[in-house]
Amino acid sequence: MSDTFSSSLNKIQMQIMWDRLIAVVEEQAQTLIRTAFSSSTREAGDVSAGVYNTRGQMLAQAVTGTPGHVNAMAESVGHFLDKFPIETMKPGESYMTNDPWKGTGHLHDFTVVTPVFRGTEPVALFACTTHVVDVGGLGFTADGRQVFEEGLYIPLMRLASDGQMNADLLEMVNANVREPAQVVGDLYSLVACNEDGGRRLIDMMAEYQLETIDGLGDKIIETSRTAMQDAVRALPDGVYTNSMTTDGYESPITIMATLTIKGDQVGVDFAGTSGVSSFGINVPLCYTKAYASFGIRVVVGNRVPNNSGSLGVITVTAPEGTITNAQPPCAVCARHVIGQMLPDVMLGCLHQVDPTLAPAEGASSVWAPVLMGGHGTSASDKRGENFTVTMFNTGGTGARPMLDGLNTTGFPTGIRSVPVEISEALAPIVVWRKVYLENSGGAGKYRGGAGQHIEVAHREEAPFAISAMFDRVDHPARGQAGGASGHRGRVFTVNGETLRSKGKQTVEAGDRLVLHTPGGGGYGQAQTRAPEAVGEDVRLGFVSVEEARDAYGVISDKLGNVDVQATEAARAKMERT
Amino acid sequence: MSDKGGIKLSADIGGTFTDVVLETPQGIRATKVLTDYDAPERGLMEGVGIVLDQAGLTIKDVDLVIHGTTLATNTLIQRNGAKTALITTDGFVDVIEMAMENRFEQYDINIVKPKPLVDRTLRLPIPERMSAQGDVLMDIDEAAVAAVVPTLKAAGIESVAIMFLNAYANREHEDRAAAILSKLMPGMPISLSSDVAPEIREYERSCTTVANAYVRPMMESYLMRLKAALRDLGSTCPLLLMTSGGGLTTVETASLYPVRLVESGPAGGAILGAEIARECDLPSVLAYDMGGTTAKICFIDDGRPTTSRAFEVDRQYRFLKGSGMPIRIPVIEMVEIGAGGGSIAHIDELARVKVGPQSAGSEPGPACYDLGGTEPTVTDSNVIMGRIDPSNFAGGRMTLDASKSGSALDEKIGTALGLETPMAAFAVGEVVDENMANAARVHAIEIGKNIATCTIVATGGGAPLHATRMAEKLGIDRIIVPNNAGVGSAVGFLRAPVAYEVVRSRHVNLAHPNIAEINTMIEDMRAEATAVVEQGSFGAPLEAECFALMRYIGQGHELSVSFPARTLTEDDVADLAKSFDRQYEKNYSRSVPSVGTEALTWTMTVRTASTDSIRTAEDPTKSESVVPQSQGTREIFDADTGQFLTAQVYNRTELSAGQKIEGPAAIVEDQTTTILTKRFTAYTNDFGYLDIRRKTEGAAQ
């Protein structure tokens, strides 16, 4: 075999093995979803899956999954290796934790790590994470004052040895959670998906006669790092700051970020951010890193696969004691409320680098109402069966530099909504309405995505409780480049009660809960939006005739027919005032 | 229908070509004509005329016409279906637009979501509500149903879909709404979600129902025109339609549920694979079809393709999962990827070679067509690697310009990567072969198959070129290239049974099942399916097959578990739970203890019984074979050494049974070429198939 051929062949094979590795972890994620029990995993896809070298560096992650998990899990494997050095690991073992600081930010996320052996040699680690339906404690809520109230805390432990599940651990889990069959079932599916990935990796190594994947892994990391560095180097050096104020729990929270681009490196620091909350919306640093780096990677080098090489180009720091680096025993259960705002803060910095790069702010934090009924829900005598069900609902995304925002679409989260028919089959609730909310997207040359109106009742008209973890109720998603803010979110009942955006509250017998998810911010000045685009929004019911006139200066009838002359006049008048 | 003798015609209308195949006791005649977009039946009839003339027959001699088509798929992709309205539960008009509320590509802020088939102003809300248990929470407002009629008329609506929440549990409100509309608008086609896709999950059910309504008037009118065209020529024989599930159905049923025809073309290739599995006694087959734009892969166990109930049409974003429209219908389970002869190769941001899904199509086509295409395609890579002979392409009807292939590959691939032309071609070939192999691997794991034990059955113009290299990648030892591989789908239609699948959603906790109720449901399903099949089975014996879609209580995704199609006993039901455990273990290593089992969805397929009288082929390796006369030689790139090896070239039409060809070799026929790498030997069996075997270890030089 000639040298040129051998080096050409290596180049081609190396790419093929990389693609294969990505296919392997995608399969791992699909197995997790297909075998999972909790609705957040199986319907919403609140998961992540990835493969690591024996030094704990992530080589590939599944496309399916959500950034908060993936990027946090990227670091998690290192903690496992610190406690269980690779040379002590044995075939048939799996490890787990739900440590918020060493996993993915709250007790509801179970992370499982499984070493893969070629003969007796460890060659790689597979890791996966899923959000389980319950971990005991207060449930999925922002109400906790300390992490100890938030449920069962499992340190880094062995979940399986010799291919047998750790019965003692499963029994502890079983005794501590509200839905034991589902939670234990999810642990089985986490192990199954890692093992599945491991088998496929071993097949691949046999096919290419590889004794180790270290060479391949190093090459993947190096190629990705270089590509990411190239993307960063294409941006001008500079220091960019941005701050955003969100509702918080007991008081508003300001997130302050400084983004520094220097050569081929990006640094982010959260100095100046508000201190921790007394409630469960605090964010462990791992989750801060996950969403801050996602906010950058989504527009810079976004075609470079996610792995330790591409992630390593971004350094994220936050002073201890800020809400972006909360320490134990802070409560962290609803850390997504703040954490999912971080990409918007990053994109606000990047807008200063290049205005065509980043969209306006969006609803961002997913609206995931946890509805509960039965014992302990209300003082009322009328109580239905015990139940807990979580729905995932989204607001609008921010308008893009050249496109409208997406109506009711999750960003930055990667999860899907749970079908109404599934929620209604799981719990005695009825969703009476789930439609787009008129005038909710922020006005702009490009309109922010619309939020939605959701109306939920108890099927037997019994009282039920809602654990609210919502934001952008007081502080809307801001527009960019002259675009208007999106509509604020609202939490209220049909009988006219206003509920708080955070905390467990009761919807009384016969009343219905109403949620208005926030709209995304607009991009560019509303008066420059094409009149026919405004007319189309009116025709489709996203914008009212009045909003078209007042916000856009477009005079249209209900069918969206634009009066061109009147519009020109109205816009001229807006220009003058 | 394969047991019926006589003369049969089959036609497959694809995006570019319409394939027509005539089968008589004397053999098969095939032709390809261009698809006529304005009146597809015209192209079809042209092809019919050609094969009948060749055989010296007229349409009156034909006993059966079978037809499959991608017309319904194209209508969905090109968005040129009927003006459709959706009547739905008040408060849920946005279900089809909100979809899953996610982004199908996480790392792209500029994605655009597919537009729903029905405009928001034509999604009309009706006050009514069923519970998940099928109880009425709010009675339907019948006056509100009647009140939509003026809107439908004003908008010129041609087709109506009705989708009410939880109608999978109780269809009464959908039926009442349909009754009111039919009375007020006689002749208006109405598609109900409880008929088209009676399964939980409102988004998928809505999409399927709306898609059905959207293609229905066009398909109905097309099928009626086709029927008339055949009748005008004097045909009195039945016309049956191929469905995506692999069974044949009548024109009447196809007109009511045209969404079931969506993937009917590729289904033909899978059925042919199944037939060959039985003929050659192959327990596991990987049916591999590769055309100009895509490749399809389907697994066949024990002579029967794997079927499923979920499918996504019109993926808008690089074939990415989630960027299309989910359709819940019975389909032959297959993966389709953007890998065909016309697929374009390029270099991505990381200097990696990528192939497809963009295709050069037939215009401008691959660079070597010399019709103005400058992008390197898979066909160009095959020309440079010697897999395709540029001087003898498509039976010599076309001459290819290899220098154009070379310069396109150099310019777009080789220069940037520092690869010589042959290595650039090899990189493209390897990437596309690996893409297909990878799709096969992922799919095998999804459905729990051991790929190395499969035999590849290669159909379509592209598959025989790539099959041996795919086999090397997948560790597969045997490949069959049937006769008329280039028109494999249309040949496959001739082998399909008349069949219909009925589905019911009914939740049963296996710990305390109501067996009488299950039996009543099964009998209902049998009656419904049988009534449909009998319209086209002409008294042939029928068989039934049943599956329960089961899971552990609390899971959200089901495994399909087979059960006997008879009145069930307590033991049968207990066995069902055990079979589920076994299958779960097989797929996911271990079953989950102390969790109950539940069944959600039940399916029954009634079909004409397959005959056992199928003639099986002799194993050609068991008898003496002779080496035929080669037509010459050609240089073909060898993946192991990077050298070109001299390969013998054979003309397939001149081969006969009992011959043996050692790789490296090329076996040329009009519609395709079979490439043997040096690791393989081809035998011709007594059916004329190429039965290709991996040489025993050490035999390869």
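User: Strand 1 of chain B, residues 8-13: how many of the six residues are buried?
Analyst: Six of the six, so strand 1 is largely enclosed by the rest of the structure. Buried means 20 or more other C-beta atoms within 10 Å of the residue's own, exposed means 12 or fewer, and partly exposed is in between, with C-beta atoms placed from the backbone. Strands here are DSSP runs of E, at least two residues, and helices are runs of H or I, at least four, numbered from the N terminus.

User: What kind of model is this, and how is it numbered?
Analyst: This is a predicted model, where local features need pLDDT of at least 70, side-chain atom pairs count only at pLDDT 80 or more, and totals for chains, interfaces and linings use all residues. Residues are numbered from 1 along each chain as its sequence is written, while chains are lettered from A and ligands numbered from 1 in the order in which they are written.

User: Back to strand 1 of chain B. Which residues sit on each side?
Analyst: B:Lys8, B:Ser10 and B:Asp12 are on one side, with B:Leu9, B:Ala11 and B:Ile13 on the other, and both faces are covered.

User: Which strands does strand 1 of chain B pair with?
Analyst: Strand 2 (residues 17-24) of chain B runs antiparallel to strand 1, joined by six bridges, and B:Asp12 stands opposite B:Asp19 there. Strand 4 (residues 64-69) of chain B pairs with strand 1 in the parallel sense, also over six bridges, with B:Leu64 as the bridge partner of B:Lys8. Pairing requires DSSP to find at least two bridges between the strands.

User: What does helix 1 of chain B pack against?
Analyst: Its buried residues pack against strand 1, strand 2, strand 3 (27-34), helix 2 and helix 8 (202-232) of chain B. Among those buried residues are B:Leu44, B:Met45, B:Val48 and B:Val51. For contacts, the C-beta atoms, placed from the backbone, have to lie within 7 Å.

User: What span should helix 1 of chain B have?
Analyst: The 16 residues, 40-55, should span 22 Å at 1.5 Å a residue, and the end C-alpha atoms are 23 Å apart, which agrees. The expected span is 1.5 Å times one less than the number of residues. After helix 1 comes B:Gly56, with a positive phi near 65 degrees.

User: And helix 6 of chain B, which residues are buried there?
Analyst: B:His173, B:Glu174, B:Ala177, B:Ala178 and B:Leu181.

User: Where is B:Ile77?
Analyst: B:Ile77 is in helix 2 (residues 71-78) of chain B. It counts as partly exposed because it has 16 C-beta neighbours inside 10 Å.

User: New topic: how many residues does each chain put into the A-B contact?
Analyst: Chain A gives 67 residues and chain B gives 54. Helix 1 of chain A brings the largest share of chain A's side, 15 residues. By class, the side of chain A has 31 nonpolar, 18 polar and 18 charged residues. Nonpolar covers Ala, Val, Leu, Ile, Met, Phe, Trp, Tyr, Cys and Pro, charged covers Asp, Glu, Lys and Arg, and the others, Gly among them, are polar.

User: How far apart are the centres of domain 2 and domain 4 of chain B?
Analyst: Their C-alpha centres lie 56 Å apart. The domain bounds come from an automatic or database domain assignment.

How values were computed. Contact = placed C-beta atoms within 7 Å.
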